Amino acid sequence: MDTTQEKILLAALALFFEQGFKKTAMDEVAQRAGVTRITVYRYFPTKEDLVRAALHRSERVFQDALAAEDVDPMVLLNRIGQEMAALPTGELVTRLDELKRVYPDLYEDFQAVRVASLQGLFERLCALAEQTGVLRPGVNWDVAQAIYWELLVQLFENPRLRELGLSNVEIYRAVSDILLYGLFKGD
């Protein structure tokens, strides 16, 4: 992806999270990205095309992690955290509700990509943990997977964490440490 397209997608994501999909105009995206309106339309002929591409850009963090050749779960988790820090943040839950109303087909597509990416990532992290010998025996994997899903889907939009003023990387590293090492010291 070229840098102009990336600037447009990040500008669009920021505006979508700040003011919503419906209220964001292509002109505003162009202005935020520092390009002309014609440039935005050259890459994304319709607003729906831009919304689709911006949503897929946000999920690319997890898809890239799936494709990475790292064999250390912590390195992979850190990479995800760093890439997430480069993305705009906002009221994701509210915006997904709006997306479901305004662009129901895009919502379904986004959810399918998200589910596949996160499921694949969970399986990859478990396999890496097993290969490197850090996987604890006796873990209830159904519960572990439910916690994983809750963390990745809801955690970064948690109002309490937002009040702390932590970056996504700081939140992600803290959660990774808790998941990998627990809260309490062993004997």
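The chain exposes about 10,700 Å², and carbon and sulfur atoms supply 54% of that area; accessible areas come from the Shrake-Rupley method with a 1.4 Å probe. Please keep in mind that this is a predicted model, where local features need pLDDT of at least 70, side-chain atom pairs count only at pLDDT 80 or more, and totals for chains use all residues. Residues are numbered from 1 along the chain as its sequence is written, and side-chain values use heavy atoms, leaving out hydrogens and water.

How much of the chain counts as buried? Of its 187 residues, 41% do, where buried means under 20% relative accessible area, exposed over 50%, and partly exposed in between.

Now look at the overall build. You'll find ten helices and zero strands; helices are DSSP runs of H or I with at least four residues, strands are E runs of at least two, and numbering starts from the N terminus. The C-alpha trace spans about 60 × 35 × 30 Å along its principal axes.

Helix α5 (residues 73–85) packs with helix α7 (residues 104–131) at an angle of about 150°, their axes 9 Å apart. Axes are lines fitted to C-alpha atoms over the stretch in contact, with angles from 0 to 180 degrees between N-to-C directions. So α5 is roughly antiparallel to α7, a label for angles over 145 degrees. P73, L76, L77 and I80 of α5 make the contact with L121, R124, L125, L128 and A129 of α7; contact means heavy atoms within 4.5 Å.

Last stop: I147. You can find I147 in helix α8 (residues 141–154), and I147 is partly exposed, with a relative accessible area of 43%. Thanks, everyone!

Technical notes. Buried means under 20% relative accessible area, exposed over 50%, partly exposed in between (1.4 Å probe, protein chains only). Angles under 35 degrees count as roughly parallel, over 145 as roughly antiparallel, 65 to 115 as roughly perpendicular and the rest as oblique.
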